[in-house]
Amino acid sequence: MNRFLKISVISIVFALCYNSLAMSSSQAQTDTNADKSTYVILNKLNPLNPVSYLIAGEALGARAQTEQQEFVASQALILGAIFAYQQGDQSLAASMCIAIAAIEPDAYRSQELWDLAIELDPQRLNAWREFRDKKFNEDSKSRQLAAKCIAAARFGDTKLAAELFNQSSVHDLIIQTANALGLNSSALTQTLREMLEHPDDECRGRVFVVERSDGEIQRVVCQDHRRPLGAADNDRVLRELLQIELELVTTDPRHFESAPWSLSEYLDATLQPVRDPSLNGLLSVYRVDETMPYWKHDKWVSKR
Amino acid sequence: MSDQHHRNSPIVEFLGADAGAGGPFALLGLGHEIVSDDQVIKACRRRLNQIERHPQRSTPNADEVRLALHTATSQLLNHDLREQLAKRWPPGVPVSLPKAWVPKQRSRQLKPTLISKARKLVGASGGWNSTARKRLAHFARINRVTALELVSALNVGSPSNSTENDQSPVRLQKSHIVPSFELIENAPSKISSWLPAYTILFLMSAALISTVLYVPQIQAPQDEIVKNRSAISDVPNTVSNFFSDPTVSRDEFGHYTALAHELDQIAAKAQTQPVESVERFKVIFPLFVERWILFPEPALSRSSLNISGFTRYVAQSDFDEDELVAIFAKTPMDTSSPQQIMIRAAILDVLLSEYRLPAQLRTKLSDARSACVPGLAHPSADVHTALGLIAGLQGVESTTDNSEWWDDWLEGVNAFTTEDKLIRTKLVLSVLSSRIRKADPLDSEWKETADLLASSLSWKSGSSESFWLVSQLTDESVNTPRLSALTESIATNSQAPMITIQMVLNPTATMPQRQQLANQFKDAWDQGKSESETPTQLSTLITELHYTVSLTSPNVVSNDIVDSYIKLARLNTAMWQYEQGRTSEVAELLATFEQRIPARDDPAVYSMDMHNRDTQWAESAINAETPAELRSMFAQLRTDNGGGVNSAHALVYLATVHANADMRIAARSQILRYRDRPSILIAVDYAATNNRVSSRLAQLVSDMLGIQLPNRTDDSWYPSAHQALLTRLSNALSLTMESDLNRIEYETRTIYLSRLIEQSYVGDPLPSAIDSARNLFRQSMREFVFANSNELQTRIIELEAMTLVRVERSKSPIQIFLAYQRSICAMKALHIEQRLPGRSLQVQDLLAQLETRLDQSNTVLNQIIQVEHCIAKLWLLSHQGGNS
């Protein structure tokens, strides 16, 4: 009896394990099939007919369920935009850019794509006014939180800053903003982490404390902060934090018009030249090559 | 073509159809029977007089006809040659008789009354003299009788031969009519009055002929190509075969007119005798290729059209196309001679412009053209245009420094640019631009070539080459050693005395040294120009703009950035003011445009560090018990220029939280006093971020910023206040930079404001540079508000859209300014295209160059300079050739 029981238990366990394995592999197979069927729309791409890229890219973008699928859709649209431009159809190229802007999760890149669309087809100005900052504004809550995170870090409220920084939307937005401003996002992230590494510091963001015994107010001189609260650890870090914070809270660039020109050099010591958006620039961003315009075996290839 | 050719022949045009019958006899209007050399000379003189009476007597065609007359004269003066020529060429129609003296076929009736009147005329003139002859000729004309008849009638009717009452008409016999020149020349009574005049004329013509005949020749002994362009020097030796057997040897064509005439004949006969014409062309064309540089420009044009006409007629017959093409492609020629390649390719370009050629022939000619000079053909009906393009391509694509090659090339260029030296200058400068950018080492070959090319230009003040040299000195892509050799050649060979041997570039010079030398050249040329002439305001402005543009390289070195920008911007403003007629402002700017702007202010100093003085003050202030005690501490704040961040935190704490109102007021006063200090801004921002927004805090922030904020209970109060405080903080911290940008901005305010037509800001604080740039852009747009071209309106809409996008993308004030500045430049370009449609391509070229320079720029400040540079070049373009 005991032996029978043991054999039964073992068999049941074995069967359960086998079933779970079978189910997971079946699911994986289903996913792969779904993936393949999603990309099948890219089989009819033709560089001589850029509209094929618009149709395929928009359709793929609409049904995309993963970031990878969205990215592939963007790649198809960028290729289509290049071919349309080369064939003299700037309006079609502009349409492709707008389609990518709709898919693109990065608000700054979405703005750049809209700007490029206007460069290609200035007649779409009204649409540009309406939609250029839409994604940017949709992120306003995240932007406020990201700005609050930076301010908290700067003012020594490490607990609040850490809480906010650990939210992925805030974290990603800070990195996106740093990249858009041409800052080294990795270095900046490292700096922020160092600033937030002291959750138990004495001041915890306070400037003055009242001494309980005699009511005297004292300045909290905290050894963790080499400079007064709000001034960051050094001038470079202060400048970068201000740059990001300003970018996150600013809704209208015209506030720069009354600023001294030295602000340009303060925010960017190298006075980086201005570059208009360009299709060729986006090729490297989306990692496509116009000599490989066909989608085959889950990658872009040069021959159908 | 041949009839038209004859109709258009200069000989026919000037001397009449009979002179164009062919040969020296017809040309001079002489029969084959010539009794004396005088006859020939006089005939030549008469023809020359005919040309002098023609309205186009001063044209090159008239000179050519005169030359032909002298040639024919010298031929007929040679008795042996005259006999041979008489066998070949028809006699001419004598033109010595004035029309009034030409005998008529039918006799006329002369009434005795007419004769009597004529006799009285002779008597009234004092006898048979020149006056009497003139009067008789006029009398005969008005009475519609011939003068000869009248004179004969007077002789017949003399007292010895007739009675006065004889009323019968007199009939003249033709045999009684004598040649007019005998009648005139042999008038016995007053021949002495004509003799001195004729003697003088004869001596002059003899002197002219002998001068032309015996001009010394300068020629290499082995050189088969005749370099001397004199009219008749070789005629006695070569012209004996000129009109004879077609198989004449190549050495016989010593003068271009002979070849030109041959081509005339070939074109004339191509339609009726294609085979013979082709055979003749095979002989003549290689000679033409060898000696085309001797042709004056009109003759070269005509010859190229003759070749084109010949080709078209032959192609229309059934002639073998390959044989025809072979003449152009395969006839032996010196393949190392660029001038021969030049003309061959140019002739092919002229042929390819002929739309009536069969398609197959066109293809073969096109292939021949590509084989001659690599690259696409540029069909052109004008051989000079074709030569210009080909010479330019040859010059730029050449890889040799061989001076003999360049000498040959330059000779070809000189040949077709005698009328237009500007093209010659452009060609030579494009060659020099190419050669001094080569990485080839500096050697004696390049030095010789540099000497040759440099000496072909004047390098005078205000010339294109002077501006070009200045721009090359500041261009980093130019090879310094090769440029050094060129400057040495210029210093040695130029016609500009102000350029001295001290202005030779060192082969190892650095860019700053090259820049310095460029300024030296500019100063030397400026001095030369002021000494030579009194320039107008516009010419001075244009010259200064030229030099300043030339001195601006694609990436201006940082030391010169401020000066380069200010100079360019001021000169551009002067051009704007000149267009608006504000000449006094222009004069002021011209006098001051090179002045440096004031040095930058010392940067502000704000300490952000933690130090005891600041901490102690903060603790003392925050623990002060009375307002008086607090106020006594403010002196230290003044000493410390507002205090540190801790002090600021203390002030904000006191101003917002302290129970004593007087304490709050005292603290508040200090906060407002030092409102622009970073320490105060940080402290206020901290209070707004971390504390509940009390009414005191909200009022303090509002008073500090001087702006209206939302209600403090509104959720939007904090974001608005925080943004404004951050902006102020960034602005304040930016003043701690050692930056030239603020003084550039201040100067730009004045510069751009001065460009506006309506300047309503006199006496007020100046608007910012961005405001002025925006207003200038709008002003430019208003000039097109009534434009009714759809294309123009579309372009303006596009520009407006791009401006909006660029402003929206801007991340700093200087980027906003750049956005408007680029749009101002684009509007300027549009304006020029509308005003001067012929400059449209050049405008587009300049805009394309601007885009390239903007891409190459390494800072936004350099981009601003490049936009001003483009605006300056647009001004220069709009004033090119004196157009305003």
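The lining of the largest cavity in this predicted model comprises 5 nonpolar, 5 polar and 2 charged residues. The residues lining the largest cavity belong to chain B: B:T474, B:E476, B:M511, B:P512, B:Q515, B:L551, B:T552, B:S553, B:N555, B:V556, B:V557 and B:D560.

Two or more lining residues are contributed by each of α21 (421-435), α23 (464-473), α26 (537-550), α41 (840-856) and α42 (860-878) of chain B. The largest share, 7 residues, is supplied by α21(B). By class, the lining of the second largest pocket divides into 13 nonpolar, 22 polar and 7 charged residues.

Helix α33 (residues 661-673) of chain B packs against helix α35 (residues 695-705) of chain B at an angle of about 30 degrees, and the two axes are 10 Å apart. Because of this angle, α33(B) is roughly parallel to α35(B). Their crossing is right-handed. On the side of α33(B), the contact involves B:R664, B:R668, B:I671 and B:L672, while α35(B) contributes B:R696, B:Q699, B:L700, B:D703 and B:M704. The contact of α33(B) with α35(B) contains 4 nonpolar, 1 polar and 4 charged residues.

The second contact of α35(B) is with helix α34 (residues 678-690) of chain B; the axes of these helices come within 11 Å and cross at roughly 145 degrees. The crossing of α34(B) and α35(B) is left-handed. In this contact, B:I680, B:L681, B:V684, B:A687 and B:A688 of α34(B) meet B:L697, B:V701 and B:M704 of α35(B). The contact of α34(B) with α35(B) is made up of 8 nonpolar residues, with no polar and no charged residues. B:M704 of α35(B) takes part both in the contact with α33(B) and in the contact with α34(B).

In chain A, helix α2 (residues 51-63) and helix α3 (residues 67-86) pack at an angle of about 165 degrees, with their axes 8 Å apart. This angle therefore makes α2(A) roughly antiparallel to α3(A). The crossing of α2(A) with α3(A) is left-handed. Helix α2(A) contributes A:Y53, A:L54, A:G57, A:E58, A:L60, A:G61 and A:R63 to the contact, and α3(A) contributes A:Q69, A:V72, A:A73, A:A76, A:L77, A:L79, A:G80 and A:F83. By class, the contact of α2(A) with α3(A) has 9 nonpolar, 4 polar and 2 charged residues.

In chain A, A:D298 has a phi near 60 degrees, a positive value in a residue other than glycine. A:D298 is located in the loop between β3 (294-296) and β4 (299-301) of chain A. In chain B, B:W459 has a positive phi of about 60 degrees, although this residue is not a glycine. B:W459 is placed in the loop between α22 (444-454) and α23 of chain B; α23(B) is also among the elements that give two or more residues to the lining of the second largest pocket.

Definitions and conventions:
Residues numbered from 1 in each chain as written. Chains lettered and ligands numbered in written order. Predicted model: local features only at pLDDT ≥ 70, side-chain atom pairs only at ≥ 80, totals over all residues. Heavy atoms only, no water. 1 Å grid on protein atoms, 1.4 Å probe; cavity = no way out; pocket = protein on both sides within 12 Å on 5 of 7 lines; lining within 4 Å. Nonpolar A, V, L, I, M, F, W, Y, C, P; charged D, E, K, R; others polar. Axes fitted to C-alpha atoms, helices over the stretch in contact; angles between N-to-C directions. Helix = DSSP H or I, 4+ residues; strand = E, 2+ residues; numbered from the N terminus. Parallel < 35°, antiparallel > 145°, perpendicular 65-115°, else oblique. Left-handed = near helix turned anticlockwise from the far one by under 90°. Contact = heavy atoms within 4.5 Å.
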